[in-house]
Amino acid sequence: MDNDSLKARILEIVPDVQQEENKQYLTLVVPAGRLHDLAGELRNTPDLGFDFLFCLSGVDYGKQLAVVYHLNSTAHKHSIVIKVKTDDRVNPAFDTVCDIWRTAEFHERETYDMFGIRFNNHPDLRRIFLDEEWKGYPLRKDYADEVNIVEF
Amino acid sequence: MKEIINLPVSKIEEEEYHINMGPQHPSTHGVLRLVVSLQGEIVKSLKPHCGYIHRGIEKMCEKDTYPQVIHLTDRIDYLSAHINNHAVCLLVEKALEIDVPERVKYIRTIMDELARIQSHQLWWSSFGMDLGGLTCFFYGLRDREMILDIWEETTGSRFLQSYNCPGGVMQDIHPNFQKRVHSFIKTFKKKIKDYDRILSGNVIFEQRSQGVGMLSKEDAISYGVTGPSGRGSGWSCDVRKNEPYSMYGQVHFNEVLRYGCDTYSRYMVRMQEMHESMNIIEQLIDNIPSGDYSAKMKAVIKLPAGEYYQKVESARGELGLYVVSDGNKTPYRMKFRTPSFSNLSVLDHISRDMKIADLVAIGASLDLVIPDIDR
């Protein structure tokens, strides 16, 4: 499926998506509340068939925190990027997708570890690389660590 | 004595207990800790604890320019150092829409395949050693030495070369390069038969690996298990075939697929891949076109604002590079989707109800590199 028909199909499922400019992949920002529904549809609808979540990243855009899902269909060989964003920097939370793509379990733990984004219904949401006692979320842009980060 | 005999044996066997495998354990090949829940010697579940070698590479990248980032990518998966460098270079070249000279594409592809062979050689060595065949370790390291010597001559370094740079490679290949690669391939084609004689057809090895650690194709896709581990489950996930880069679109090679889904299949995929890699090198090594070894690049590289993604096939699977650029000379956000991280996530699933000795074989067949997990 090409990008235009992919977008049309997704607009059927979730009407209020925003497209972001990207030369490589079709990039859509979806409302956080609809993420889990959409993910299930993307995975289970035969002509979409996005069964491979090849990258899940957190991004700190300054005002907003975002989670970016790179999806690929192994049968149809098409790819798409789904983003969810939130303005809440104190208690950011999205629904987990690790019941849909199992690889998300580790990637979401990493995103929680580095950005402090919580994932509702995640089976084992703990820090994955840093100690449980670690203060703060290092990959956020406002993270300060005067001891370990030397500014030049 | 009587008391010991009268111990309720069944109760002891029912009880679940935990042991720590690692962080210092020869079969984890680095600092990884697996907390294994056991019932007798049967693995009931396991929890990997990562982070012992977490260096915050993604955070460091946000302070470094793109040519500097290349030196950090060496340290992610040190056995695929060339391939990781290649990913950064391809991403920068794609973003700036630069065409690199043909010569560069040839050199990079040959270097990538040499990296793949030496990575698989080291994997084979340690796989054998984990299962008790110490001879493998000496054989593998002996042959790997030839590739390291070739690299030393051309790149000046044996292990972490940082040979690729945006636009090309750091310096031209050494005049001896082609001759030595030929001599390596000639030698290794003979030696790899020994590999098969020692391990592949060995009865003990077959019993330790066949039917152990079953991973279905659906699970491989769901857990994102790429590379030879995914192809051992029959999943065609080779980035070199699906989204060819550099010379991979123009050389003939087979994507090695096995459908056994067990440790033995994952083993056989890697063994066959070494032959395919030699096949690719043979097609390219005599035809390296003359020309520049690097395109002209600006002194300061700034990517246009936007988001970019680049995949390459490293020796362990699909390495993805996700970059958010705000137009500055340093990336705003750089994420590495490393193959070992996703491959580790499946370890709990496929080692359940296996014996703890099988866990060693399964772990070895996933070919985990710990810095690649922790970054």
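This is a predicted model: local features need pLDDT of at least 70, side-chain atom pairs count only at pLDDT 80 or more; totals for chains, interfaces and linings use all residues.

Student: How are two packed helices described?

Tutor: Two packed helices are described by the angle between their axes and the distance between the axes. Here, helix α6 (residues 102-130) and helix α7 (residues 134-155) of chain B pack at about 165°, and their axes are 7 Å apart. Angles over 145 degrees count as roughly antiparallel, and therefore α6(B) and α7(B) are roughly antiparallel to each other.

Student: Which residues make the contact?

Tutor: On α6(B), they include B:Leu114, B:Ile117, B:Trp124 and B:Met129. On α7(B), among them are B:Phe137, B:Leu141, B:Asp143, B:Arg144 and B:Ile147. Sorted by class, the contact of α6(B) with α7(B) has eleven nonpolar, six polar and two charged residues.

Student: Now the sheet, please. What is the order of its three strands?

Tutor: The order is β6-β7-β8 in chain B, an open sheet with antiparallel pairing. β6 (306-314) and β8 (333-337) are the edge strands, each pairing on one side only. On average, neighbouring strands are turned by 15° against each other, direction ignored.

Student: How many bridges join β6(B) and β7(B)?

Tutor: Nine bridges, in the antiparallel sense, with β7 spanning residues 317-325. For one example to find on screen, B:Gly306 has B:Ser325 in β7(B) as its bridge partner.

Student: Which helix packs on the sheet?

Tutor: Helix α5 (residues 81-96) of chain B does, touching β6 and β7. The direction of α5 makes about 145° with that of β6(B).

Notes
Residues are numbered from 1 along each chain as its sequence is written. Chains are lettered from A and ligands numbered from 1 in the order in which they are written. Axes are lines fitted to C-alpha atoms, for helices over the stretch in contact, and angles run from 0 to 180 degrees between N-to-C directions. Helices (H or I, at least four residues) and strands (E, at least two) are DSSP runs, numbered from the N terminus. Angles under 35 degrees count as roughly parallel, over 145 as roughly antiparallel, 65 to 115 as roughly perpendicular and the rest as oblique. Two residues are in contact if their C-beta atoms, placed from the backbone, lie within 7 Å. Ala, Val, Leu, Ile, Met, Phe, Trp, Tyr, Cys and Pro count as nonpolar, Asp, Glu, Lys and Arg as charged, and the others, Gly among them, as polar. Two strands pair if DSSP finds at least two bridges between them.
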